[in-house]
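This report describes selected local features of one protein model. The sequence and the structure are shown first.

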Amino acid sequence: MKYLVTGGAGYVGSVVAQHLLEAGHEVTVLDNLSTGFREGVPAGAAFVEGDIRDAAKWLDASYDGVLHFAASSQVGESVVKPEKYWDNNVAGSMALLGAMREAGVRKLVFSSTAATYGEPEQVPIVESAPTKPTNPYGATKLAVDHMITSEANAHGLAAVSLRYFNVAGAYGAYGERHDPESHLIPLVLQVAQGRRDAISIYGDDYATPDGTCVRDYIHVADLAEAHLLALTAAQPGEHLICNLGNGSGFSVREVIDTVRKVTGHPIPEVVAPRRGGDPAVLVASADTAREKLGWNPSRADLAGIVADAWEFTRHIEKSAREQ
């Protein structure tokens, strides 16, 4: 099979592209490198540097499907630059869907997000929970989900949206290196590296066992496997939406303590005021993914997730020193 992976030079896209190659598929990565890295494109994948708005230039009937990761994804930035997110995430996805329709490519797996739910009324969160995003990033991802549903109903697209919770870890040479970084595990690892003086804990008075926020962490390799299963599960004229998480959570302090144990480094911490819109607990119900995709995550151990991320972080640091 032959697949186009948009945003395949980024964190999740590169890991999924590598999994596709290992499964024997032909892969083309389309990425404008605005946040991705050329060296993140797996060996064996064809690479096109370009924008998803121009996907019609490269997409043709030889492709069996598209896996769509190309999006702006910084929550804070989306609040101050919403126009960027509506243009890139929504207008870009609309152009991609049009290119797929024109080329006759009728299968799509979309990288959605738990941010579509906003502050949950109940946890674990199920797919039927109300969608009330609290920022433009989540709102634009939800808009694309609605767009895909319309495309499936009207034009027979076979589509699966995967709503991620907290993706972490690394897979071989492919891992997380956002700039700016906003995710907890790589931020704590930066403290272990000496690149950051301390880690900020935004609120320690939540109604949780240790007072800090609880989040559901999923290993990026488990996540990638769900995408390959979604390609098989997608059915013409249907849009399936699945949450991806482990169904259990770890607090901010548990993550920090785990990084201390894995790295052997002291991690100074500073308690800061709560951030607006931070729910106390975000945990997924992944029952739909298990039932519809046959997905069973096998890397739920937090220490293993952190260890993989730490190994990748040191690899990047070593490579930077050698250049």
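## Second largest pocket

By residue class, six nonpolar, four polar and six charged residues form the lining of the second largest pocket. The lining comprises 16 residues in this predicted model. Those nearest the centre of the pocket are E176, R177, Q190, R195 and I316. The space in the second largest pocket amounts to about 290 Å³.

Two helices contribute to this lining: α5 (184–193) and α9 (302–322) each provide at least two of its residues.

## Cavities

How many cavities of 30 Å³ or more does a search of the whole structure find? The search returns three. The largest cavity holds about 50 Å³ of space. Its lining consists of G169, E176, I185, P186, L189, A309, F312 and T313. The elements that give two or more residues to this lining are α5 and α9.

By class, five nonpolar, two polar and one charged residues line the largest cavity. E176 belongs to this lining, and E176 is also listed among the residues nearest the centre of the second largest pocket.

Strand β9 (residues 214–215) runs parallel to β14, and two bridges join them. Within this pair, V214 is placed opposite V281 of β14.

## Backbone features in loops

Which peptide bond is cis, with omega near -5°? The bond concerned runs from V123 to P124. P124 is located in the loop that connects β5 (107–113) and α4 (136–155).

L33 has a positive phi of about 60°, although L33 is not a glycine. The residue lies in the loop between β2 (26–31) and β3 (46–49). Is L33 buried, partly exposed or exposed? Its relative accessibility is 25%. Buried residues fall under 20% and exposed residues over 50%, so L33 counts as partly exposed.

Technical notes
Residues are numbered from 1 along each chain as its sequence is written. This is a predicted model: local features need pLDDT of at least 70, side-chain atom pairs count only at pLDDT 80 or more; totals for chains, interfaces and linings use all residues. Side-chain values use heavy atoms; hydrogens and water are left out. On a 1 Å grid over the protein atoms alone, a cavity is a set of points where a 1.4 Å probe fits but cannot get out, and a pocket is an open set with protein on both sides within 12 Å along at least five of seven lines; lining residues have an atom within 4 Å of a point. Grid points are joined across faces, edges and corners, and a volume is the space filled by probe spheres set on the points. Helices (H or I, at least four residues) and strands (E, at least two) are DSSP runs, numbered from the N terminus. Ala, Val, Leu, Ile, Met, Phe, Trp, Tyr, Cys and Pro count as nonpolar, Asp, Glu, Lys and Arg as charged, and the others, Gly among them, as polar. Buried means under 20% relative accessible area, exposed over 50%, partly exposed in between (1.4 Å probe, protein chains only). Two strands pair if DSSP finds at least two bridges between them.
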